[in-house]
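The following note sets out several points for a colleague who has the model at hand. Please read each one beside the structure.

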Amino acid sequence: MWFRNDLRIADNPALVAACESGPVVACFVVSSAQWRDHAVGERRLAFLGRSLNAVAVALAKLGIPLKLIEAPHFDDVPGALLALAEQTGVRQLMFNAEYPGNEQKRDDAVVTVMQANGIAVMRTHGGVSMPPGTIMTQKDTPFSVYTPFKRRWLERLQPDQFRPVAAPSPQGEKVPAMHLDSLAGVPLALGSESWPAGEQVAQNHLKEFLNKHVVQYESQRNFPGLHGTSNISAYLSVGSLSSNQCLYAASEMNRGRLRGPATDSWVDQIIWRDFYRHVIALFPHVSKGFAFKRSYDSIPWRDAPQELAAWQQGVTGYPLVDAGMRQLLNTGWMHNRLRMVTAMFLTKHLLIDWRHGERHFMQQLVDGDFAANNGGWQWSASTGTDATPYFRIFNPTTQGRRFDPLGRFTREMLPELADLSDRHLFEPRKAGIGLDYPEPIVEHKFARQRAIEVFRSQLSSHPTD
Ligand SMILES: Cc1cc2nc3c(=O)[nH]c(=O)nc-3n(C[C@H](O)[C@H](O)[C@H](O)COP(=O)(O)OP(=O)(O)OC[C@H]3O[C@@H](n4cnc5c(N)ncnc54)[C@H](O)[C@@H]3O)c2cc1C
């Protein structure tokens with residue numbers, strides 16, 4: 001059983017298949033150089049390492065040893081796995097599919113090498129509720145817009161489809177559990193207080209959210225100052241929680257039905273997660289760094305390293321943008337509303353290429369996930385699937401007043417503004433007092449007009465796709 005971003009015992013179809021054919025050896029491949037190329041950040045690596053330790057303990061109780069092998073680049077993986085297979089005498093390899101282009105290429109190469117050496121391979125779909133390729137348009141093409149995708153997804157979903165598969169029973173006597181103190185050079189203590197790892201912790205988070213908060217999700221999800229969202233993205237991203245477990249737990253609140261007013265809006269987010277996985281699996285150019293809408297690759301993004309740095313450090317002079325960016329720097333997580341506001345600010349107000357922002361987010365986020373991050377960035381830059389039209393540009397000042405009306409969140413993130421009145425919080429210059437806070441890096445009206453003109457003129461000379 002080759003574990004990747006599916007670090008759980010329960011609802012793991014590849015692990016179940018392996019145990020049915022047992023005895024099982026589990027492995028995890030450390031690809032430090034490739035992770036660096038993919039901008040995987042230190043917080044995420046530390047969380048991944050802690051999640052590995054947790055799954056190693058759970059596997060050890062089942063009598064399954066977890067072996068770590070090194071293969072710095074994905075190209076090294078087939079050889080490293082074959083060597084392990086020969087050393088341990090395994091005849092079959094099981095794993096759950098991953099959908100970004102490089103991961104698919106790696107996995108295809110592994111299948112070829114294994115089969116050439118007489119080792120059977122089984123690839124299951126444990127990371128999504130509906131595998132890519134199963135939700136297609138009438139013309140059998142992939143969906144490029146979320147709402148019709150969701151409709152078809154709901155039509156196709158069978159009542160039993162999202163029922164999690166049970167954890168396998170013990171395969172033998174308990175074995176000693178592997179334990180790591182660091183992963184790819186990153187100490188696992190990093191962020192451990194904020195992000196404890198493991199399946200049990202993930203389940204507790206999920207239950208607490210569904211029991212106490214999900215009914216207010218629709219009304220509170222856009223307010224970063226409230227605990228309005230589930231905070232489970234990190235667990236989903238390493239797979240200590242599965243999307244099916246989320247759907248199933250939600251359906252238990254609706255007497256077994258997936259849809260119900262208390263949970264619909266939240267379940268829609270889990271469907272978004274599936275959607276972006278389908279997008280990267282079925283539109284290979286997206287994994288190669290291209291805009292989903294290819295014509296948008298002609299946008300002449302500005303080369304403005306100082307402005308990029310100001311955005312990264314949270315010193316743009318726009319309080320809501322800076323509060324979001326500092327939340328990211330300080331905690332490794334950012335509220336969804338702020339991911340949209342900050343991403344739109346970078347791509348529209350500063351006209352800086354979304355790929356710089358995508359990379360910075362990956363380096364900082366504990367929940368960094370290629371599909372969701374790329375989807376979110378391309379949405380914000382207007383280059384993606386459901387992309388917001390380029391002329392609809394958030395005003396960061398009014399977004400602040402609307403989504404942090406009491407200023408609770410912004411004051412917490414920007415203590416230098418804590419004493420400002422509500423009236424001046426999102427326009428500190430107007431307070432007329434000296435502040436240790438920068439002037440706005442760019443004027444909103446000017447920036448908005450500049451972005452609209454650049455997008456309009458480029459797109460009129462390049463037909464949209
Ligand atoms: C620019 C940008 C970058 C993003 N980068 C990431 C990322 O790297 N990793 C990541 O998991 N999410 C990303 N998102 C999506 C979203 O912001 C986070 O999933 C969400 O904030 C996580 O908080 P939560 O667990 O409390 O979410 P909830 O609102 O409680 O939602 C539950 C789960 O649904 C999924 N989900 C929610 N919104 C989305 C979405 N828009 N797209 C795909 N899945 C979604 C997540 O797995 C989330 O944990 C990004 C969004 C934007 C706009």
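1. Helix α6 (residues 146-156) and helix α11 (residues 264-282) pack at an angle of about 105°, with axes 10 Å apart. The two helices are therefore roughly perpendicular to each other, a class that covers 65 to 115 degrees. Axes here are lines fitted to C-alpha atoms over the stretch in contact, and angles run from 0 to 180 degrees between N-to-C directions. Helices are DSSP runs of H or I with at least four residues, strands are E runs of at least two, and both are numbered from the N terminus.

2. The model is predicted: local features need pLDDT of at least 70 and side-chain atom pairs count only at pLDDT 80 or more, whereas totals for chains, interfaces and linings use all residues. Residues are numbered from 1 along each chain as its sequence is written, and side-chain values use heavy atoms, without hydrogens and water.

3. Which residues form the contact of α6 with α11? From α6, Tyr 146, Phe 149, Lys 150, Trp 153 and Leu 154 meet Asp 268, Ile 271, Trp 272, Asp 274, Phe 275 and His 278 of α11 (contact means heavy atoms within 4.5 Å). By class, this contact has seven nonpolar, one polar and three charged residues. Nonpolar covers Ala, Val, Leu, Ile, Met, Phe, Trp, Tyr, Cys and Pro; charged covers Asp, Glu, Lys and Arg; the others, Gly among them, are polar.

4. The chain is divided into domain 1 (1-126), domain 2 (128-162 + 199-282) and domain 3 (294-461), with bounds from an automatic or database domain assignment. The C-alpha centres of domain 1 and domain 2 lie 25 Å apart, and 17 residues of domain 1 are in contact with 17 residues of domain 2.

5. About 1400 Å² is buried between domain 1 and domain 2, with carbon and sulfur atoms giving 57%; buried area is the accessible area (1.4 Å probe) that two parts lose on being put together, summed over both. On the domain 1 side, Arg 8, Phe 47 and Tyr 99 lose the most area to domain 2, together 41% of what that side buries.

6. Ala 197 is located in the loop between β7 and α7 (199-212). Its contacts include Phe 47, Arg 50, Ser 51 and Tyr 235, leaving aside residues up to four places away in sequence.

Key
Angles under 35 degrees count as roughly parallel, over 145 as roughly antiparallel, 65 to 115 as roughly perpendicular and the rest as oblique.
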